[in-house]
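Have the sequence and the structure open as you read.

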Amino acid sequence: MNAQPEMLPELMLKPTEKTDRISAMDTIRGISLLGILLMNITGLGLYHAYDDPTVTGGATGWDLKVWWINSMFFEGTMRGMFSMLFGAGIVLFNSRLAGNINGVSVTDAFFRRLLWMFLFGIIHTYILLWNGEVLYPYAIVGMFVFSFRHWKPSRLIVASAVLLVFMSLIYNYDYYDTKTAFDKYTSVELKKKEFKKLTKEDSTAIETWKGKVSDAKPPKEKIDKFVKSMHKDYWSIIKVKAPIAQFMQSTYMYRYFFMEMAAMMLLGMAFLKTGIFRAAKSNKFYLIMAIIGYGTGLTVNYFETSYVMDHHFDILSMAAVFRTYDVGRVPTTIGHIAVIMLFIKSGILPFLQKSLSAVGQMALTNYVSHSIICNFIFMGYGLSLYGMLHRHQLYYIVFSIWIFQLIFSPIWLRYFRFGPLEWTWRSLTYWEKQPMKRENIRISEE
């Protein structure tokens, strides 16, 4: 046994057996993966329309209705579930081998896994042209969250809550910064009406507010220019998107994504350790969880969406509702998880559950394929439909991709152990080419 101790850890570093998978987590992952496309599609097909339907894509009729539905039920929740599952995956990856191999070797494999994810995120952003991708931030945040994997659920929940409070402080700061700029601008406008002489500070106040307005509500010529740029060739589009990608993976990443994702990953660790993600709780537990989650989250979301609509999507109202963003988003996410668990435990629609689980097992492949498919549809090197569709029309594309992936994923996994990108990722992680065909299968844990 002790003849070659230095080789034993490497021999044990293998993907998880099929019997070790937690099918409930695969199903949640599949649902959240498909749900993420509900939100991402506006960024893939429209300019500056993610939060504000009045900019592009239409803000009346079904265009407004789909914005309301997404804001009420899905905004931030699909990303939240995905982040929670990633946190739970950190615990699973590092605990399933703890009794068999040297801890340093497990850690080495885990960080190798994240470093490849980091690289995939860069490729996904700069080459596959999706600025809102999550692989890059997940890799960075995962390196930090890793250190807390041994904490008890109660400590993880408290830490998650603290981070969400800090996020609330950032959103409050953003709101008061916007409100201060508006108040200064209105004060200067009053001075102009009274024919008073403007100071240098007054001129700065005007320019500051106009800059915020231009960023939040771009003028038609700016919108038209950007839409036109997306109808050009691949290399021209890269030049336009690269600065946006740089902003998303630097300023936006550390100001917003880092704490938000860390909070949800820690919460996901707690949910795994308490058995919530293992479908180990009673139906009564999940029912109460759903009632409390939806009762809190949807109430907050309703007041937020109503407030914004009543104020005609003006800049101040949009900034104001972000102050309670996580108060609505996080409980709604928890409500979704509870309902999904009840769905899983019920055993109804087994064919759909199997398909959703397969989508979840191929989450990386399916996620990246969203960008590839949609870029072909919207960019100039494909069908060139960017900025050409109404908001509600984008969901015809979403539903088509859903149907394709729900059918394709289980068929693929009938013949292969992994999705193509999952296979690549695991082979790189374990420094060994993984068997791809389904003979003597051992399907791995994401």
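## An enclosed helix

Helix α6 spans residues 135–145, and nine of its 11 residues are buried, so the rest of the structure largely encloses it. The model is predicted. The buried residues of α6 are Leu 135, Tyr 136, Pro 137, Tyr 138, Ala 139, Ile 140, Val 141, Gly 142 and Val 145.

## Cavities

Rolling a probe the size of a water molecule over the atoms shows where empty space remains. Seven cavities reach 30 Å³ or more. The largest cavity holds about 310 Å³.

Its lining takes in 21 residues. Nearest the centre of this cavity lie Asp 51, Trp 67, Ser 71, Glu 75 and Tyr 325. Two or more lining residues come from each of α2 (23–45), α3 (61–74), α12 (283–310), α13 (315–321) and α14 (325–346). Helix α12 gives the largest share, four residues. By class, the lining of the largest cavity has 10 nonpolar, six polar and five charged residues.

## Salt bridges

Side chains of opposite charge can pair when their charged atoms come close. The structure holds 13 salt bridges. One of them joins Arg 29 and Asp 26, at 3.0 Å from N to O. Both Arg 29 and Asp 26 are buried. They sit three residues apart in helix α2, which puts about one helical turn between them.

Lys 217 pairs with Asp 52 at 2.6 Å, N to O. Lys 217 lies in the loop between α8 (200–216) and α9 (220–229), and Asp 52 in the loop between α2 and α3, so this bridge ties together parts 165 residues apart in sequence. Lys 217 is partly exposed, at 25% relative accessibility. Asp 52 is buried, at 5% relative accessible area.

Lys 196 forms a salt bridge with Glu 194, and their closest N and O atoms are 3.1 Å apart. Lys 196 is partly exposed at 47% relative accessibility. Glu 194 is also partly exposed, with a relative accessible area of 41%. Elsewhere, Arg 79, Glu 260, Asp 326 and Arg 329 are linked in a network of salt bridges.

## A nonpolar surface patch

Which residues form a nonpolar patch on the surface? They are Val 158, Val 162, Val 165, Phe 166 and Leu 169, with about 450 Å² of accessible area together. Val 162 belongs to helix α7 (residues 153–193). At 41% relative accessibility, Val 162 counts as partly exposed.

Note on methods
Residues are numbered from 1 along each chain as its sequence is written. This is a predicted model: local features need pLDDT of at least 70, side-chain atom pairs count only at pLDDT 80 or more; totals for chains, interfaces and linings use all residues. Side-chain values use heavy atoms; hydrogens and water are left out. Patches are made of residues with over 30% relative accessible area and no salt bridge: like charges are joined within 9 Å, nonpolar side chains (Val, Leu, Ile, Met, Phe, Trp, Tyr) within 5 Å. Accessible areas come from the Shrake-Rupley method with a 1.4 Å probe; for residues, only the protein chains shown count as cover. A salt bridge is a side-chain nitrogen of Lys or Arg within 4 Å of a carboxyl oxygen of Asp or Glu. Buried means under 20% relative accessible area, exposed over 50%, partly exposed in between (1.4 Å probe, protein chains only). On a 1 Å grid over the protein atoms alone, a cavity is a set of points where a 1.4 Å probe fits but cannot get out, and a pocket is an open set with protein on both sides within 12 Å along at least five of seven lines; lining residues have an atom within 4 Å of a point. Grid points are joined across faces, edges and corners, and a volume is the space filled by probe spheres set on the points. Ala, Val, Leu, Ile, Met, Phe, Trp, Tyr, Cys and Pro count as nonpolar, Asp, Glu, Lys and Arg as charged, and the others, Gly among them, as polar.
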